[in-house]
Amino acid sequence: MLNHESLKKRIDLYAMTTFGGDFKDLLDSEKYVVLSKAMMETILPHWNQSRKNTETMKKAYYLSSEYLMGRFLTNNLIAMDTKDEVKEILKNMGVDYNQVEESEEDPALGNGGLGRLAACFLDSAATLGYPMDGYGIRYDFGLFKQKIVDGEQVEVADNWTKYGDPWGIRKISEKVRVTFKGGEIYAIPYDYPVIGYDNKLINTLRLWKAESLDEFDFRAFNDQNYDLAVKAKNDAENIAKVLYPNDSYEEGKKLRLKQQYFFVSASLQDMIRRFKSKNLDFEDFPKYHSIQLNDTHPAVAIPELMRLLTRKEDVEWDKAWRITTATFAYTNHTLLAEALEQWPERYYQELIPQVYKVILRIHQMLIDELKGKGIQDHDLNRYEIIHNGNIRMAWMSIFGSKSINGVARLHTDLLINQELNDWYRLYPEKFNNKTNGITQRRWLLQSNPELSELITELLGSEDWITDLKMLKNLESYADVPEIMERFLQIKWTKKKQLSDYILQEEGEEIDPDSLFDIQIKRLHEYKRQLLNAFHILFLYYELKENPDLKRVPRTFIFGAKAAPGYVRAKAIIRFINNIAELVNGDPAMEGKLKVVFVQNYRVSYGEKLFPAADLSEQISTAGKEASGTGNMKFMLNGAPTIGTYDGANIEIVEEAGDANNYIFGLKVEEIEKIRDSYNPEEIYQKDPKLRRVVDTLIDGTFEDKDGSYRELHNSLLYGANWHRADNYFVLKDFHEYRKAHEKADADYVDRLGWARKCWLNMSNSGKFSSDRTIEQYAQEIWDIEKI
Ligand code: 26Q
């Protein structure tokens, strides 16, 4: 399929013209750039063809301030079915593909779940043949890189394009202008190919870079005012400089609002420009565009489209509103009330007054509509978009969209019945659920080729790669010992590979024959890494007191970044590392217990961790995790879940069976019932073993460098001025959690019995393909067709 000679020639040429040397002598990172550029030449004609083929079709547009694409190279080679060939070609040139692959930096243009979901959706849409383009920001610096130094998180800048950005094409001819009160700046598009598996359709991820209209002020320079000479340039470029490293609420920052407006305005102008070349009436705009808002971060798109239509394109207001509300759809990703975005009115007035005016009018329209519907005056404030000097972006999104969806059944139910109930009663027809999914191309085919091969062999076909429900046909092998033996062997291989990698990266030796118990996700109180930590300490003291205790040897693995300003989250990271030091340094724990906190958890690390897990930790406080998607990645790779009745865990267990997972803890309804009378101190006083582990925060077991352990301890027992004691019910759920672990431990001893559980999880993971999710969005919200 590939022309070997011509690829080799291109490689040699790019090596010389880009890095000035022979391919085999370059740094691995340089080889990566050269190889990728050479592959781009194969991709481009197909990509351009795809653009032409979809020009006249209705398209979906995904607007997201975050994309966590993961590495491109291997993904794209697999999609084009050229990985083995390229490997071979490199081998003939004396170069090891795996080393080149590993040198690619993850483009970390996102924080966590929401950004990774966007990437899985792009993969699925292209693979299914749906025209869907992504729009976002090309941050110069992605999410910080994390180092652990003396147990603490240290943030390092992520200059991800240091060696080049071979998959991005700078399309300067398609630049657009974005206006702020201080002046105009350019948005320059960089296009990244999104290659559907089997190369049928290539969609586009368009990321905008901010640049100044005037590069340089010569007058200032001649006046020897050097800073001023480049001020405009710096101010403009700062807009796309860095991703905000926060995955929940953050005190409103003007620059963040600028970022949002910048990419949203550029994207809408881009769509309008292309639409106008069709010479249609704007009434038809929704026949060609469905725009999905990935949370409220791009919600300023609603007033901006109104502004562009009414002020620039002479569409009258009511018609523009019909167009707008037939175009947008909004996905909500959180139930944390404090995480719903609001912006001070004056930020809008100061930065984008032209949009502020439009918002005032939309607000008034809403009030008129509410009055028309007979809503009483004293109830209006519940709906006001502008409220107490703030602009409520979620309210704007709901009012301006045709569809509002949650990301798992429980989450959507809670939106409908609680958080957004006022709105639901107003527009019940707008609300719907779209349970999240993940792409099996990255999270099984690419990250676990060993298991993929077994699956293909047993199914006698590769169809599962684009039709994950096929895995259901494998269920009965759970009772075939020879197959289970092979399955266990594969799990061991993945654990060994991870062990080698952890030794290399973290300097820690772990035993692939121990049970790998893994919790990897952003660090948050509601995700309850602290519960996991307490349980490890509990086990530690049990094993110390009773050396003959029969427990399976375990390795606990954590990976998590904390928002740099989130003091408690950082304290929890240090606490886990302190525990690791205590446990790993104790010879009595040899062969029994080990704890590792891996540094810089990211997509590419995840690809090594998910396939190697024996147990998936999904232990958020019920009602707090909207869906979770890591939970699905573990399941797909055959790991049972130890988890709460929260997010998609509920649907996972529904598919894979209670008996194959370890569900524990308070349910949402139970939390509601006890909330007001909950007294964690009672539990703490009654359970000396729990008290002992909680008190390690304050009894000198670990050094409390800055008082943050004491603060954590207080937060559990007495609360703080912004929350009640043990807000996330860590102490309340501890006992059941510990029992669930005991059960898993006992089950693990039966090797084939355990393999069976793992296998049944994998076989029943079909529902959690993002292909299914995208089909639902396409049919139920976007109304788009396949190519
Ligand atoms: C908001 C305002 C100011 C600064 C930052 C933010 C901000 C940034 C990122 C708020 C939220 C995020 C990201 C949220 C996120 O990742 N949510 C996760 O989305 C997943 C995909 O739907 C779900 O599976 C997870 O349950 C949810 O936590």
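Among the elements of the chain, helix α6 (residues 113-128) gives the most to the shell around the ligand, with three residues; helices (H or I, at least four residues) and strands (E, at least two) are DSSP runs, numbered from the N terminus. This is a predicted model, in which local features need pLDDT of at least 70 and side-chain atom pairs count only at pLDDT 80 or more, while totals for chains, interfaces and linings use all residues. Residues are numbered from 1 along each chain as its sequence is written, and side-chain values use heavy atoms, with hydrogens and water left out.

**Ligand site**

- The ligand is surrounded by 20 residues, of which the closest are L114, H333, N436, E625 and G628; a residue counts as near if one of its heavy atoms lies within 4 Å of the molecule.
- By class, this shell holds five nonpolar, nine polar and six charged residues, where Ala, Val, Leu, Ile, Met, Phe, Trp, Tyr, Cys and Pro count as nonpolar, Asp, Glu, Lys and Arg as charged, and the others, Gly among them, as polar.
- A polar side-chain atom of N436 lies 2.8 Å from an oxygen atom of the ligand, and a polar side-chain atom of E625 lies 2.7 Å from an oxygen atom of the ligand.

**Sheets**

- An open sheet of three strands, in the order β13-β15-β14, has antiparallel pairing, where two strands pair if DSSP finds at least two bridges between them.
- β13 (342-344) and β14 (386-387) stand at the edges of that sheet with a single partner strand each, so one side of each is left without a neighbour in the sheet.
- Three bridges join β13 to the antiparallel strand β15 (residues 390-392), and W343 stands opposite I391 in β15.
- An open sheet of six strands, with parallel pairing, has the order β20-β19-β18-β21-β22-β23, and its edge strands, β20 (593-598) and β23 (662-663), each pair on one side only.

**Helix α21**

- Helix α21 (residues 481-506) has 26 residues and should span 38 Å at 1.5 Å a residue, which agrees with the 36 Å between its end C-alpha atoms; the expected span is 1.5 Å times one less than the number of residues.
- α21 is followed by G507, whose phi is positive, near 70°.

**Whole chain**

- The chain has 33 helices and 23 strands, and its C-alpha atoms fill a box of roughly 80 × 75 × 60 Å, taken along the principal axes.
- With 787 residues, a compact globule would have a radius of gyration near 28 Å, and the 27 Å of the chain agrees; this radius is taken over C-alpha atoms, and the globule rule is 2.2 Å times the number of residues to the power 0.38.

Key: Polar contact = N/O pair within 3.5 Å; in protein donor to acceptor, adjacent residues only side chain to side chain.
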